[in-house]
Amino acid sequence: MSAERCMCGATDCPICGPLQGYSVRNKEFDLDYEEMALEEVVETILDYGQWPRPRIGKYQVHVEFSLYEWLQEHADPQVMLELYEACICDDNDVLELRRIRERKAIAERLTAHLRNSDIVSEHSEFMAADDQ
């Protein structure tokens, strides 16, 4: 006599959920924390130039990621010269447009670089523990 499979289709069903490739534990919940942590880490690095952000009036934390050092290794030096040229020009609109474009490009590259990194994993665990 064979056991009949449950066909309810619920992803959290302990019977048919694992058979459909789902875990009883909700993986989507974990991925949301990973994505939120990744976004927060990238925004902090873009805003402050480092992770974690510097604390004002308190002891300085150990810098785990420096945007300056990462750009030295991964950025084209020509971009820096173009930004310098845009800074000394009189047209502020050109500089602002260039700044926005470069910030977006660096954010995409940082996101790809930091995805599945220890920094993001630790921060997502911290966020999950903080919510509970």
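At 68% relative accessibility, Asn 116 counts as exposed (over 50% is exposed, under 20% buried, and in between partly exposed, using a 1.4 Å probe on protein chains only). Asn 116 sits in the loop between helix 4 and helix 5. Its phi angle is positive, about 65°, yet Asn 116 is not a glycine.

This is a predicted model, in which local features need pLDDT of at least 70 and side-chain atom pairs need pLDDT 80 or more, while totals for chains, interfaces and linings use all residues. Numbering starts from 1 along each chain as its sequence is written, and side-chain values use heavy atoms, without hydrogens or water.

## The elements

The chain has five helices and two strands (DSSP runs numbered from the N terminus: H or I of at least four residues for helices, E of at least two for strands). From the N terminus on, the order is α-β-β-α-α-α-α. The table gives their places in the chain.

| Element | Residues |
|---|---|
| Helix 1 | 27-48 |
| Strand 1 | 50-51 |
| Strand 2 | 65-66 |
| Helix 2 | 67-74 |
| Helix 3 | 77-88 |
| Helix 4 | 92-114 |
| Helix 5 | 118-131 |

Pro 52 lies in the loop between strand 1 and strand 2. The peptide bond that leads from Trp 51 to Pro 52 is cis, with omega near -5°.

## The core

Of the 132 residues in the chain, 27% are buried. In soluble globular proteins, nonpolar side chains tend to be buried together. Here the largest nonpolar core holds 20 residues (buried Ala, Val, Leu, Ile, Met, Phe, Trp, Tyr and Cys joined through side-chain atoms within 4.5 Å). Ile 45, Phe 65, Leu 110 and Leu 114 have the most contacts inside this core. Helix 1, helix 2, helix 4 and helix 5 each give two or more residues to the core. The largest share, seven residues, comes from helix 1.

What does Leu 110 touch, leaving out residues up to four places away in sequence? Its partners are Val 42, Ile 45, Leu 46, Phe 65, Leu 67 and Trp 70 (contact means heavy atoms within 4.5 Å).

## Across the sequence

Take contacts between residues at least 6 apart in sequence: 50% of them join residues at least 24 apart. Ala 128 and Ala 37 are 91 residues apart along the chain, but their C-alpha atoms are separated by 9.8 Å. Ala 128 belongs to helix 5. With a relative accessible area of 21%, Ala 128 is partly exposed.

## The pocket

The largest pocket holds about 260 Å³ of space (on a 1 Å grid over the protein atoms alone, a pocket is an open set of points where a 1.4 Å probe fits, with protein on both sides within 12 Å along at least five of seven lines; lining residues have an atom within 4 Å of a point). The volume is the space filled by probe spheres set on the points, which are joined across faces, edges and corners.

Its lining has 13 residues. Nearest the pocket centre are Leu 83, Arg 99, Glu 102, Arg 103 and Ile 106. Helix 2, helix 3 and helix 4 each supply at least two lining residues. Helix 4 gives the most, five residues. By type, the lining has eight nonpolar residues, no polar ones and five charged (Asp, Glu, Lys and Arg are charged; Ala, Val, Leu, Ile, Met, Phe, Trp, Tyr, Cys and Pro nonpolar; the others, Gly among them, polar).
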